[in-house]
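Let's go through this one together, question by question. Here is what we will be looking at.

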Amino acid sequence: MPEDMHLLIVSKVSSTSPIDYFNTIITCKSLGFSSENFSVANDLNLSRLVKKPALANKYKTLVETCIKANNVDAHFVKGMLEYFQSQNQILGQHHIHTASEGGHLQGRYVYGVLLMAIGQTEKGVKIINKSKDIYVSSILKMWPDLNCHSQEEVDNTVCANCFHFFLLTKFYKMMLGFNDLQD
């Protein structure tokens, strides 16, 4: 198989699962595709670091390589660390803005909130409203089948078909400030 085809496959694996990517690299050393490769670094899924940016302190070289390849997850993680951990708000805001512009959902939300916090309320609200539009289209795609549960069951239990819909609606209620979210 041609090397560029191998690269494409490794790049796609890296975009879906960091664990599968690392297992592929470890077991197929002859491939020689590491995160140093632009295509792999650009597509590498850093979702675990997005959830807990402080973990990125252990993977600084990887994050920097991914930033050079314009990986939006890496920009978000670097921005969060710079802004909140290193107290370098200008560089942090730059990376969060880059992630936001690249379509990173958390980056867009955080960037909007940061703009509102520094007095650019109108611009921040516009950015967050774009996120709401994305939310509405996502929730419509995830809307469960009407025959999945009765309303009483949906309120008390969640099956695999309704799980993501349930999480999105719970998040949205929390964002709107509903106080009946003790469950």
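Q: Which residues does Ser100 touch, not counting residues up to four places away in sequence?
A: Gly107, Arg108 and Tyr111; contact here means heavy atoms within 4.5 Å. This is a predicted model, where local features need pLDDT of at least 70, side-chain atom pairs count only at pLDDT 80 or more, and totals for chains, interfaces and linings use all residues. Residues are numbered from 1 along each chain as its sequence is written, and side-chain values use heavy atoms, with hydrogens and water left out.

Q: Why is Ser100 called buried?
A: Buried means under 20% relative accessible area, exposed over 50%, and partly exposed in between (1.4 Å probe, protein chains only). Ser100 has 5% relative accessibility, so it counts as buried.

Q: Where does Ser100 sit?
A: In helix α7; helices are DSSP runs (H or I, at least four residues), numbered from the N terminus.

Q: What makes Ile96 stand out in the largest nonpolar core?
A: Along with Leu46 and Cys66, Ile96 touches the most other members of this 24-residue core. Such a core is a set of buried Ala, Val, Leu, Ile, Met, Phe, Trp, Tyr and Cys residues joined through side-chain atoms within 4.5 Å. Helix α6 gives the most to this core, with six residues.

Q: How do you know where confidence is highest and lowest in the protein?
A: By pLDDT, the predictor's confidence in each residue, from 0 to 100: helix α7 (residues 89-101) has the highest mean, 96, and helix α10 (residues 151-156) the lowest, 55. Where pLDDT is low, the predicted coordinates should not be read in detail.

Methods. Helix = DSSP H or I, 4+ residues; strand = E, 2+ residues; numbered from the N terminus.
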